[in-house]
Amino acid sequence: MNRLIEHIERLLPEHDCVVVPGLGGFMLHDVPAQTDKAGELFHPRGKEIRFNARLTFNDGILVQSYQEAYGLSFEAAVEQVREAVRQLQQKLDEGHYLILGHLGTLLRNEENGLEFQPDNRNLFCAEAYGLSSFIFPTLQNRQHASKNREKSRRDDY
């Protein structure tokens with residue numbers, strides 16, 4: 001099961017979509033840099049991970065990764081991926097939630113569907129690696145705060 005997660009994490013930056021046959025697809029989507037409504041909280045650009053349970057067809061990317069990493073035949077690689085998915089599904093069916101490495105958390109919702117909660121949006125975006133959100137007050141708010149401090153000092157004397 002951990003092998004499967006490691007392969008997905010390694011493949012996502014190269015392919016932007018990794019389908020896990022029988023489970024679903026993990027996709028990266030670009031998210032532009034953003035500010036909050038007040039214009040003081042800045043978020044760097046990044047990539048968000050999303051999950052689509054409808055993408056279950058074997059596109060071969062994951063299986064090929066197994067073949068190359070472990071020197072397996074196509075059939076043996078398919079079987080290893082299938083077994084890892086079976087283990088994941090069993091845990092989910094037992095009511096467990098699964099932490100999928102740096103990808104996020106996968107669980108079954110009340111309708112018995114799969115629900116994915118992503119971790120960090122910048123983990124797979126090399127241009128934003130290590131950047132975090134920051135607060136920088138607008139010029140108007142900085143001037144207002146400066147005037148308030150000045151007034152406060154005058155009132156103290």
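A salt bridge here is a side-chain nitrogen of Lys or Arg within 4 Å of a carboxyl oxygen of Asp or Glu. The model is a predicted one, and six salt bridges turn up in it.

Lys47 has another partner as well. A salt bridge links Lys47 to Asp16, and here the closest N and O atoms are 3.5 Å apart. Strand E5 (residues 46-52) holds Lys47, while Asp16 belongs to the loop between helix H1 (2-15) and strand E1 (17-20), so the pair connects parts that are 31 residues apart in sequence. How exposed to solvent are the residues involved? Lys47 has a relative accessibility of 14%, so the residue counts as buried, the cut-off for that being under 20%. Asp16 comes out at 32% and is therefore partly exposed. Asp30, with a relative accessible area of 54%, is exposed.

The closest N and O atoms of the Glu79 and Arg82 salt bridge are 3.3 Å apart. Glu79 is partly exposed at 42% relative accessibility, whereas Arg82 is exposed, its relative accessible area being 51%. Back at Lys47, shared partners join Asp16, Asp30 and Lys47 into one salt-bridge network.

Next comes the packing of helices. The axes of H1 and helix H2 (residues 61-70) come within 10 Å and cross at roughly 115°. With that angle, H1 counts as roughly perpendicular to H2. As for its hand, the crossing of H1 and H2 is right-handed.

Which residues make the contact? From H1 come Arg3, Leu4, His7, Ile8, Arg10, Leu11 and His15, and from H2 come Ile61, Leu62, Ser65, Tyr66, Ala69 and Tyr70. Sorted by class, the contact of H1 with H2 has eight nonpolar residues, along with three polar and two charged ones.

Notes. Residues are numbered from 1 along each chain as its sequence is written. This is a predicted model: local features need pLDDT of at least 70, side-chain atom pairs count only at pLDDT 80 or more; totals for chains, interfaces and linings use all residues. Side-chain values use heavy atoms; hydrogens and water are left out. Helices (H or I, at least four residues) and strands (E, at least two) are DSSP runs, numbered from the N terminus. Buried means under 20% relative accessible area, exposed over 50%, partly exposed in between (1.4 Å probe, protein chains only). Axes are lines fitted to C-alpha atoms, for helices over the stretch in contact, and angles run from 0 to 180 degrees between N-to-C directions. Angles under 35 degrees count as roughly parallel, over 145 as roughly antiparallel, 65 to 115 as roughly perpendicular and the rest as oblique. A crossing is left-handed if the near helix is turned anticlockwise from the far one by less than a right angle, and right-handed if clockwise. Contact means heavy atoms within 4.5 Å. Ala, Val, Leu, Ile, Met, Phe, Trp, Tyr, Cys and Pro count as nonpolar, Asp, Glu, Lys and Arg as charged, and the others, Gly among them, as polar.
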